[in-house]
Amino acid sequence: MSHKPFALPSLLLILFWMLSACAPAAPVVVEKEVVVEKVVTPTPVPAPPKEEKIVMGFPRSETLFAQQLTGRAGTPDNFNEWVGWKNRDRGMAQLMNEPLWTIEYAVGEVINSLAAAPPQYNEDFTQMTVKLREGVYWSDGVEFTADDVVFTIEKVKATEGLNYHVQLQGVKNVYAPDKYTVVVELAEPNSRFHTYFLDRWGSLFIMPKHVFEKVEDILTFQYNPPLSLGPYVLHSYDPAGFWTAWVLRDDWDRTPTGMLYGKPKPKYVVFVVYQDPASAVIAQVRHELDAAQLTLEALRAVLTQNPHARAYRREFPWVVNTDPCITGLAFNTLKPPFDNREVRWALTLAIDIISYSANAMDGALMMSALLTPSVPLYLKEYYERMEPWLRDFTLDLGGGETFKPYDPEAPFRLAEYARSRGYVVPEDPEEIKKTFGYGWWKYAPDVAAKLLEKNGFTRGRDGKWLLPDGTPWKFTVLTDPNPGHHHYQNTFAAVQEWRKFGIDVEANVNEMWSTLNLNGQFDVSTAWPAYEPWGGHVDLYRTFDNWNSAYVERELGKPHYGHLSRWSDPRMDQIIAALKATDWNDTERIIELGIEGLKITVEEMPGIPTYTYVGALVWDTYYWTNWPGAENIYAQPYHHWPNFKYMLPFLEPTGR
Amino acid sequence: MRFVRRYLIPRLVQYVLVTWLGITVVFVIPRLLPSDPIESMVATLQAQGAYRDPAAVKQMVDTLRDMYGLEAGLLEQYLSFWKRLLSGDFGPSYFSFPTPVIELIGRSFPWTIGLLLTTTVLSWIIGNVTGGLSGYFTGNGMLKIFDGIVMFVRPIPYYVLGLTLVILFAYLLPLFPFGGGYTIGAQIAFTWDFIKDVLRHAFLPALSLSLLGIAVNHQTMRLIIQGVKEEDYIRYAKIAAVKEQTIFSRYAMRNALLPQITGLTLSLGQIFGGALITEIVFSYPGLGFLLYRAVVNSDYNLIMGITTISIVAITTLILIVDLLYPLFDPRIRFR
């Protein structure tokens, strides 16, 4: 058989492949000063000295490579973040945007970014005044002023389809009495209006008026290249969406970052997508990726293979345990038997938090007994203040019998478990509490059984639980199919605990999980047992307001936009109303109300808090050091958070 | 005329019907799923951590539903879809609103077609040649060794094979990059340097796809040719002292190739669905990930865009093969 007939087609195919691979637009290298027109003129990275090591086209000693958390950008050419979702963690959020205010949850404060001070409201919260920072400039040299803020609010309010369009309908009037002051008049009192401009992984960002006022159709405007108020400006990006590169502005000192913290050290920052955790591990071992958030297993692999790698904590449990999100289990409280608080409490007491933690994260977590995360600020203002109440909190088991469920010894038992696994664990009790949590709920299956029996549940001959009507008690725990996510870890740990207790529980691993949660088509779900609080401010309004009875859709199968548990309580409604009438700057009153609200959630247990979200963050210190690890918390540690820009001035090059 | 009336026209009618039916089914099925593009969008926006009070979210959903035209009835949406399709427009992506679907597909399409077309065709050619030789010349020692290698490679799950190649040739022996379509920061230009860069990046994904493709084609062809070898006409040719090479190439391979050509056609059609695992393991740009994200986010327009192209490609290729079959197999012409 002759091979000749195949030779020509094969060559043609290879040629076609080469040509087709060239077909996408060039990686766009963006010139700094151009405003509206898309510029594709290649401007190569300045030639470094000969001995400079070049990695992926950038001088390595001046470049920081970070992993992009949300994956490949869907619309890499589009930087118009006022429309839809834009994979902003490719550097837009962290390096280009400056909000009015930024949450700093690790330090426990709100940073005045573009704003010069916290917002000031009038007495009935119908007027908000914002003082702006002076001397801030857009990356094209135009000064940032109150006109930009006024224009943004007016434009977003007037344009249907823009993010925050609905929220701004409450604005009656907005004006700038001077260049650096903005006054917003509201149609209805709203003491939390400013939080739309408070960046906690997203907020309403300010548009450059001099660009957007010339745009006819803002919805289709690509905003490429974008202007920056942050210390970096877009350098280039991959049209396929796998990487985006940023370069330090020459006038970095005219940005809030520069004014607050000084000059960011890396000249270039490149965000790269690694779709497979194994690739990210290899990249870190090869010193091609400085900051990554991985799975616990991948974190261990990097620490083993790369002597220069470090995690947030230098020793076990390595992970970031100060994240402002609480993980756990949310009950569908409109669905029997989860509409019964004693059933919910029985399921809580049927969990042994030690074996649960071992199954979920091999013990590398911070258990949290409240439906709010164990960030430093909340440990101080909520966990510590509530400790006496928690110790005294009592459940009524019926027949005059009571039970105190709080277990302050749980973190010490988890530390013992970790020691038994051969990990190095602190000896100091205070350190143990800071590492593993302040306490949890007792493992009391006998008490759980009493609570169930009190409500008509019985055990079958096989020891399994039967519902009050005598049918077997079966339910599912719904989760996201991503095995690296805490939803998934919580699901399988809970299923194991409850099966051990004698309930026929299954995991429902479902691609459509977010829709099923939204429509109340689940029994128990692991998609956040409470809405995330700010973390860097004591206000729990946004957590509590999601349980507001005014929003609850009582018909399961119809979408519900509050917390997925659909739980509500008249006492919580009162707390929400009281918070709404409390000034954001009156922190003592806010804490008081927060404690009262948290007490109600303990009594009612609409969801079981298990542990504060942990991030398996790994830094390679081969090129950059002085990362904000647990021993040196000067900033929140994630590279995908907007505060990354505030961390960059503190990093130090190693000179390699 | 008889060929046109009895063979060509029925197949053309069948082609149009199957294409229409396929597209219609794909239009309806995503709308039966419990998910919804607006709800996915809302879930993503909420996952950002930015504050949106529930009342505002509800109003936002209503606004977006109206803006995307999802308030209209199913029939109205269907008619509007065909109207747009016939003018070559799939509409905007809901999840990446307002980017047109055709632009999203156009961005990923060249990478997928370049990688999968080449590897599918090459592995088909190599696998069929080696499988044919191995099935016909069963006593050859070298071919037996090759059979052994194929038997070893074939059961390896694709993800494991891809990852093994990355570890071997990108990490332990750093000969190739372990991901991406080209070097980060590289300037795309039609220069030899850039072409080399693209080929270097494509080598491992292409190798992984080719290895499995060759193994599958090899084993299938080997089995087919072993059956053909026992046919009477082969025996007759041997008795008639026709040269062994001639029997192999003209009689055995030619007949055994017919089902393989059909297989190739279907494989080529499936190219348009992309290669999701390849794209994940090698961070390679392509249609697979786009389609996956479209399904997860219920991005109806994007699902319709990709699957319509895929359906049209498969039915068209099958039509072409149907029309070409009489050239390969004279028996079809005489029926």
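This is a predicted model: local features need pLDDT of at least 70, side-chain atom pairs count only at pLDDT 80 or more; totals for chains, interfaces and linings use all residues.
## A friendly tour of chains A and B

Met605(A) sits in chain A, in the loop that runs between α18 (587-604) and β28 (607-612). Most residues other than glycine have a negative phi, and most peptide bonds are trans. Is Met605(A) buried or exposed? With a relative accessible area of 1%, Met605(A) is buried, because buried means under 20%.

**Backbone features in the loops of chain A**

Asn87(A) also has a positive phi, near 45°, and is a residue other than glycine. Look for Asn87(A) in the loop between β4 (63-67) and α2 (92-96) of chain A. Asn87(A) is buried, with a relative accessible area of 5%.

Pro317(A) belongs to the loop between β16 (309-311) and β17 (326-331) of chain A. Another cis peptide bond links Pro336(A) to Pro337(A), and here omega is about 0°. To find Pro337(A), follow chain A into the loop between β17 and α8 (341-349).

**Two buried residues with polar side-chain contacts**

Next, visit Thr582(A), in the loop between α17 (570-580) and α18 of chain A. Thr582(A) has a relative accessible area of 6% and is buried. Which backbone oxygen lies 2.7 Å from a polar atom of the side chain of Thr582(A)? The backbone oxygen of Ala578(A) does. Leaving aside residues up to four places away in sequence, Thr582(A) touches Phe125(A), Ser191(A), Arg192(A), Arg589(A), Ile590(A) and Leu593(A).

Asp199(A) is part of strand β11 (residues 198-199) of chain A. At 0% relative accessibility, Asp199(A) counts as buried. A polar atom of the Asp199(A) side chain lies 3.5 Å from the backbone nitrogen of Trp201(A). For the backbone nitrogen of Gly202(A), the distance to a polar atom of the Asp199(A) side chain is 2.7 Å. Not counting residues up to four places away in sequence, Asp199(A) touches Pro99(A), Trp101(A), Thr102(A), Ile103(A), Phe205(A) and Pro642(A). Asp199(A) and Leu229(A) are 30 residues apart along the chain, and their C-alpha atoms are separated by 14 Å.

| Residue | Relative accessible area |
|---|---|
| Met605(A) | 1% |
| Asn87(A) | 5% |
| Thr582(A) | 6% |
| Asp199(A) | 0% |

**Chain B and its helices**

Now turn to chain B. How many helices and strands does chain B have? Its secondary structure comes to 14 helices and zero strands. The C-alpha trace of chain B spans about 85 × 60 × 40 Å along its principal axes. Of the 335 residues in chain B, 53% are buried. Among the contacts in chain B with a separation of 6 or more, 75% are between residues 24 or more positions apart.

Two packed helices are described by the angle between their axes and the distance between the axes. Begin with helix α1 (residues 2-32) and helix α4 (residues 74-86) of chain B, whose axes come within 12 Å and cross at roughly 135°. That angle makes α1(B) oblique to α4(B). The crossing of α1(B) past α4(B) is right-handed. On the α1(B) side, Trp20(B), Ile23(B), Thr24(B), Phe27(B) and Arg31(B) meet Leu74(B), Gln77(B), Tyr78(B), Phe81(B) and Trp82(B) of α4(B). This contact of α1(B) with α4(B) has seven nonpolar, two polar and one charged residues.

Further along chain B, the axes of helix α12 (residues 287-296) and helix α13 (residues 300-328) come within 8 Å and cross at roughly 140°. That makes α12(B) oblique to α13(B). Here α12(B) passes α13(B) in a left-handed crossing. Which residues make the contact between α12(B) and α13(B)? Leu287(B), Leu290(B), Leu291(B), Ala294(B) and Val295(B) come from α12(B), while Leu302(B), Ile303(B) and Ile306(B) come from α13(B). By class, the residues of the contact of α12(B) with α13(B) are eight nonpolar, no polar and no charged.

Technical notes
Residues are numbered from 1 along each chain as its sequence is written. Chains are lettered from A and ligands numbered from 1 in the order in which they are written. Side-chain values use heavy atoms; hydrogens and water are left out. Axes are lines fitted to C-alpha atoms, for helices over the stretch in contact, and angles run from 0 to 180 degrees between N-to-C directions. Helices (H or I, at least four residues) and strands (E, at least two) are DSSP runs, numbered from the N terminus. Angles under 35 degrees count as roughly parallel, over 145 as roughly antiparallel, 65 to 115 as roughly perpendicular and the rest as oblique. A crossing is left-handed if the near helix is turned anticlockwise from the far one by less than a right angle, and right-handed if clockwise. Contact means heavy atoms within 4.5 Å. Ala, Val, Leu, Ile, Met, Phe, Trp, Tyr, Cys and Pro count as nonpolar, Asp, Glu, Lys and Arg as charged, and the others, Gly among them, as polar. Buried means under 20% relative accessible area, exposed over 50%, partly exposed in between (1.4 Å probe, protein chains only). A polar contact is a pair of N or O atoms within 3.5 Å; within protein, one must be able to donate a hydrogen and the other to accept it, and residues adjacent in sequence count only if both atoms are side-chain atoms.
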